[in-house]
Amino acid sequence: MTISPLSALKVVEFTHMVMGPTTGMVLADLGADVVKVEPAPKGDSTRALTGSGTGFYASFQRNRRSLCVDMKAPEGLALVKKLVAQSDVLIENFRPGAMEKLGLGYAALSAENPRLIYCSCKGFLNGPYQHRTALDEVVQMMGGLAYMTGPEGQPLRAGASVIDIMGGLSAAIAILSVVTERAQTGRGRYVEAALFETVALLMAQHMAQTAITGTAPPPMSKRTPAWPVYDVFDTSDGGQVFVGVVTDTAWPAFCEAFGLTELAADPSLATKQQRVAQRARTIPVIAEALRHYTKPALMEKCEALGLPYAPIGKPADLFDDPHLTANGGLVPLTLPDGRSVKLPALPITLDGERPGLRHDLAPPGAQNDELCAELGYSPLEIGRLRDAGVIV
């Protein structure tokens, strides 16, 4: 059975890159009929990205229908307006003013369709920065995430598009809140989500720490650990495993399992706070004891003890991760070159079921004919639009 709690929701999406497509993907994965409007003839430019952007399109564009249309042509714009008039939600993440120039701004569209929920995914919410160009990395640098991630004096962006993705999730939350409200009021709203405000939320814990202690926290590479053992350890076969020993009850069992009887018997290490204070003495001893184990053997012992632990993995390891494979956590997709790939599903279940695939990655305009027909165009009219280059 396909999970489709949003099957009654019709969404039209004008997005590119990551933030806006993430918003659409959430709604689409949960069953909404999401139509991705792409510029004719080649479609969303995100499809052609290379380098670190190579995976953007494949990662966030599943479960859509594609309408590839020239909106600069009057017939193309009229087609799109018909689509919007029949939609519940519009998502866009283009530069400020771009949609208004096309006659597709909130004021114009909501006047014709008061039930429309119009979502703009932006760099900044209203304020002094609102007209700046923003990217994930820009706001990571501005908001302190890069500072907290890199070594001291060497700000470093996080290793994924975390702000784009979290910003897209926030936009989806805002949309769904208005879907609920609209059931009572009959009216939509204009909602916004933004990258800079997203990174600010992620920095809240560090801001609160600063306010409480009076001292700004250093980068995570220089952080003062809050736990006695919360470290990455080398293994005898060249691997690495993160191990945490964070409670007073786990400490004696950990010491017994790894032959650390002297540490267990030391009264100056009896409490968590004492062990945190003496990490400079204990961690080298622990590291030497754990270094005698292979990576699999160390993980097996940590599993038996019920300790938090993790192998140091790479993204490619997730393709064959036994947990993701077993619980439907990877969605099968077909890449444009015909190869198959499995990419992560939404990190949720509904009645134990993971959201899956309803529409594979679509070539530009793959559903042009069916969408035009749904909007009332005859086969002859569709042919004329295609001949004129309005659709592909």
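This is a predicted model: local features need pLDDT of at least 70, side-chain atom pairs count only at pLDDT 80 or more; totals for chains, interfaces and linings use all residues.
Residues are numbered from 1 along each chain as its sequence is written, and side-chain values use heavy atoms, with hydrogens and water left out.

Colleague: How many aromatic pairs does the count come to?

Modeller: Rings of Phe, Tyr and Trp (its six-membered ring) pair if their centres lie within 6.5 Å; planes under 30 degrees apart are stacked, over 60 edge-to-face, the rest tilted. By this rule the count is 11.

Colleague: Which class does the pair F124 and F196 fall in?

Modeller: The centres of F124 and F196 lie 5.5 Å apart. Their planes make 50°, so the class is tilted.

Colleague: Is F124 buried or exposed?

Modeller: Buried means under 20% relative accessible area, exposed over 50%, partly exposed in between (1.4 Å probe, protein chains only). F124 has a relative accessible area of 1%, so it is buried.

Colleague: Which strands does the pair of Y230 and F242 tie together?

Modeller: Helices (H or I, at least four residues) and strands (E, at least two) are DSSP runs, numbered from the N terminus. Y230 and F242 pair edge-to-face, 5.0 Å centre to centre, with 80° between the planes. The two residues are 12 apart in sequence, and the strands are β7 (residues 229-234) for Y230 and β8 (residues 240-245) for F242.

Colleague: Which ring has the charged end of K301 over it?

Modeller: A charge sits over a ring if NZ of Lys or CZ of Arg is within 6 Å of the ring centre and within 35 degrees of the ring normal. The charged end of K301 is 5.3 Å from the centre of its ring.

Colleague: Which side chain does D266 join in a polar contact?

Modeller: A polar contact is a pair of N or O atoms within 3.5 Å; within protein, one must be able to donate a hydrogen and the other to accept it, and residues adjacent in sequence count only if both atoms are side-chain atoms. D266 lies in the loop between α12 (261-265) and α13 (272-277). D266 is buried at 19%. At 3.1 Å, its partner is R281.

Colleague: What is the angle between α6 and α8?

Modeller: Axes are lines fitted to C-alpha atoms, for helices over the stretch in contact, and angles run from 0 to 180 degrees between N-to-C directions. The axes of α6 and α8 (residues 162-185) are 8 Å apart. The angle is about 95°.
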